[in-house]
Amino acid sequence: MGNGSKLKVEICLGTTCFILGASELQDLAQYLEPELLDRVDIVGRTCLGFCKDRKFDGAPFVRLDERVVIERATVTRVTEKIKAMLKEKDAE
């Protein structure tokens with residue numbers, strides 16, 4: 001992620017993920033502080049396909065910056081990871 005670019009937050013909205021909690025995750029922007037919200041780009045995806053890959057634990061899935069996958073994602077877990085990744089970016 002280059003300096004000045006926003007952190008991409010992809011929320012899987014496939015049927016399994018939606019039923020198991022992505023319905024709440026799609027409202028993630030409502031839970032983020034304004035300073036975080038300004039630094040992320042939140043998008044819903046029809047299906048990220050992680051539920052088919054046995055190396056991942058379980059739905060719902062969120063992918064950050066096209067490289068970090070959060071399994072069994074919750075608003076709290078995603079928010080904490082966003083903060084950690086932005087802190088890493090600031091340290092670069």
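Guide: A residue counts as buried under 20% relative accessible area, as exposed over 50%, and as partly exposed in between, with a 1.4 Å probe and protein chains only. This is a predicted model, in which local features need pLDDT of at least 70 and side-chain atom pairs count only at pLDDT 80 or more, while totals for chains, interfaces and linings use all residues. Residues are numbered from 1 along each chain as its sequence is written, and side-chain values use heavy atoms, with hydrogens and water left out.

Visitor: Which residues of α3 are buried?

Guide: Helices (H or I, at least four residues) and strands (E, at least two) are DSSP runs, numbered from the N terminus. In α3 the buried residues are V75, V78, T79, I82, M85, L86 and K89. Seen down the axis of α3, these fall within an arc of 130°, so they line one face of the helix. The arc is taken over the directions from the helix axis to the C-beta atoms. Exposed residues E80, K87 and A91 sit on the face of α3 turned away from the buried side.

Visitor: How many residues does α3 have, and what span should they give?

Guide: The expected span of a helix is 1.5 Å times one less than its number of residues. For the 17 residues of α3 this should be 24 Å, and the end C-alpha atoms are 24 Å apart, which agrees.

Visitor: What do the buried residues of α3 pack against?

Guide: Contact means heavy atoms within 4.5 Å. The buried residues of α3 pack against β1, α1, α2 (34-37), β2 (40-45), β3 and β4. Take T79, which lies in α3 and counts as buried at 10% relative accessibility. Leaving aside neighbours within four places in sequence, T79 is in contact with L28, L32 and L36. I82, not counting residues up to four places away in sequence, touches L7, V9, L28, L32, V40 and L64.

Visitor: How many residues does the largest nonpolar core have?

Guide: In soluble globular proteins, nonpolar side chains tend to be buried together. A nonpolar core is a set of buried Ala, Val, Leu, Ile, Met, Phe, Trp, Tyr and Cys residues joined through side-chain atoms within 4.5 Å. The largest one here has 26 residues, and V9, L28, V62, L64, V78 and I82 have the most contacts inside it. At least two residues of this core come from each of β1 (7-12), α1 (15-25), β3 (62-64), β4 (68-70) and α3 (75-91). The largest share, 5 residues, is that of α3.

Visitor: Which residues of α1 are buried?

Guide: They are C17, A22 and L25. Seen down the axis of α1, they fall within an arc of 25°, so they line one face of the helix. What covers them includes β1, β3 and α3. The face of α1 turned away from the buried side carries I19 and L20, which are exposed.

Visitor: How many disulfides does a search of the whole structure find?

Guide: A disulfide is a pair of cysteine sulfur atoms within 2.5 Å. The search finds 0 disulfides. For C12, the nearest cysteine sulfur, that of C17, is 3.6 Å away. C12 is buried, at 3% relative accessible area. For C51, the nearest cysteine sulfur is that of C47, 4.9 Å away. C51 is partly exposed, at 44%.
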